[in-house]
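Let's take a walk through this protein together, from the whole chain down to single residues. Have the sequence and the 3D view ready as you read.

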Amino acid sequence: MTATEMTATEPTATEAKAADPRTGGGTVGGARTGGKPSAVRPTATRTSPLAARRRKLFWPLLAPAVLVYVVFFAGPSLYTVWLSFNKWAGAGPMTFVGVDNYRRLFDDPTFQQSFTNTLWIILGVGGLTFLVSFGLTMVLRDMKGRKAARSILFFPNIVPSVVLSILWGFLFQHDGLADALVGALGMEHPPNWLGQGNIFRVIMVGLVWTSTGFYTTILMAAVDQIPPELYEDCELAGANALQKFRHVTLPLMWEVVGVCAVLWTISAVKVFEFIYAFAGAAGQMPDAGVWNTALYTYGEAFASGGVPRYGSAAASAVVMVTLVGVLVVLIRRVMRRDTVQF
């Protein structure tokens with residue numbers, strides 16, 4: 001027998017160990033030699049003690065917040081939806097009326113005017129606010145005292161809306177500062193700013209004044225994150241300020257603009273104090289021509305000259321929430337773009 005044949009017929013060390021009865025038997029050449037087959041044990045995933053403690057603390061820490069959310073937000077919201085299908089004066093039994101509250105709501109000329117005014121505030125005031133904010137962003141970006149200017153612009157957001165509305169009333173009253181300014185420009189007979197034909201426009205201008213500083217501050221915070229080298233390249237290419245804003249500033253802060261648009265939509269629907277204090281008399285509601293949906297809801301729930309209609313007020317509140325939800329979804333879809341990395 002040659003060495004090659006002897007090597008081919010001799011078992012290897014692994015085969016000999018598997019065939020050894022002391023090791024539990026095995027197989028040689030595919031034949032079973034005895035013993036129990038070895039079971040493959042899965043590798044157990046061990047959790048660190050820190051992760052286990054965090055898992056135990058998850059619900060004890062989250063439960064209070066969930067409880068507060070359910071009791072003070074989710075519960076009242078669901079009850080408002082249920083109340084919108086009932087007729088209730090605040091006392092006594094409720095009467096289920098189905099969708100009659102919503103039907104009466106959309107047939108009411110006062111609600112139609114209030115809903116139109118709300119859309120004017122959202123779209124008209126919002127568009128003008130962002131237009132002014134973009135202009136201030138372009139000016140403040142290269143301004144030396146921009147931090148002080150931001151503080152001055154943000155100041156109206158610190159003062160309560162009631163105080164701002166009273167100040168706004170003094171500015172536009174007869175022989176006030178507005179009349180003095182237009183008189184200095186040569187107008188002999190200034191318009192009646194607080195008349196029914198002009199008062200809602202004055203309110204819209206006041207809302208622009210009170211809101212511009214807030215959104216300018218947010219937009220400027222986004223502009224501060226843009227590398228200055230990009231603006232230097234624009235200057236070398238001969239771009240003007242508008243071209244810099246269009247091709248550099250706006251694309252790189254587009255996500256922040258979308259967030260600001262959502263915030264404005266939510267806050268615009270809830271505008272109440274400024275209109276109530278500016279256009280209303282002491283303890284009285286303003287004229288229905290300047291109402292928005294928030295004032296309409298308040299007027300239905302706390303009617304001064306009649307029986308409160310909480311069902312109608314709840315229906316108006318549900319319409320407000322639905323309007324906000326629809327507009328927020330549309331804004332997010334329209335402003336959806338790929339994130340620009342810089």
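**A walk through the chain**

The protein chain folds into 15 helices and four strands. Please keep in mind that this is a predicted model. Of the 342 residues in the chain, 32% are buried. The chain exposes about 22000 Å², and 65% of that area is supplied by carbon and sulfur atoms.

Now turn to helix α12, which runs from residue 254 to residue 269. This helix has 16 residues and spans 23 Å from its first C-alpha to its last, close to the 22 Å expected at 1.5 Å a residue. Which of its residues are buried? They are Trp254, Val257, Gly258, Cys260, Ala261, Val262, Trp264, Thr265, Ala268 and Val269. As a reminder when you look along a helix, an α-helix has 3.6 residues a turn, so residues three or four places apart point the same way. The partners of the buried α12 residues are α5 (109-140), α9, α11 (241-252), α14 (293-301) and α15 (310-334), against which they pack.

Two or more lining residues come from each of α6 (146-158), α7 (161-172), α9 (199-223), α12 (254-269) and α13 (273-279). By residue type, the lining divides into 13 nonpolar, five polar and two charged residues.

From α7, move on to the loop between α7 and α8 (177-184), where you will find Asp175. Most residues other than glycine have a negative phi. Asp175 has a phi near 65°, a positive value in a residue that is not glycine. Is Asp175 buried or exposed? Its relative accessibility is 63%, so Asp175 counts as exposed, the cut-off being over 50%.

Our last stop is Thr95, in strand β4 (residues 95-96). With a relative accessible area of 44%, Thr95 is partly exposed, because that value lies between the 20% and 50% limits. Which residues does Thr95 touch, leaving aside its neighbours within four places in sequence? Thr95 is in contact with Phe85, Asn86 and Lys87. Leu83 is 12 residues from Thr95 in sequence, and their C-alpha atoms are 9.7 Å apart in space.

How values were computed. Residues are numbered from 1 along each chain as its sequence is written. This is a predicted model: local features need pLDDT of at least 70, side-chain atom pairs count only at pLDDT 80 or more; totals for chains, interfaces and linings use all residues. Side-chain values use heavy atoms; hydrogens and water are left out. Ala, Val, Leu, Ile, Met, Phe, Trp, Tyr, Cys and Pro count as nonpolar, Asp, Glu, Lys and Arg as charged, and the others, Gly among them, as polar. Buried means under 20% relative accessible area, exposed over 50%, partly exposed in between (1.4 Å probe, protein chains only). Contact means heavy atoms within 4.5 Å. Accessible areas come from the Shrake-Rupley method with a 1.4 Å probe; for residues, only the protein chains shown count as cover. The expected span of a helix is 1.5 Å times one less than its number of residues.
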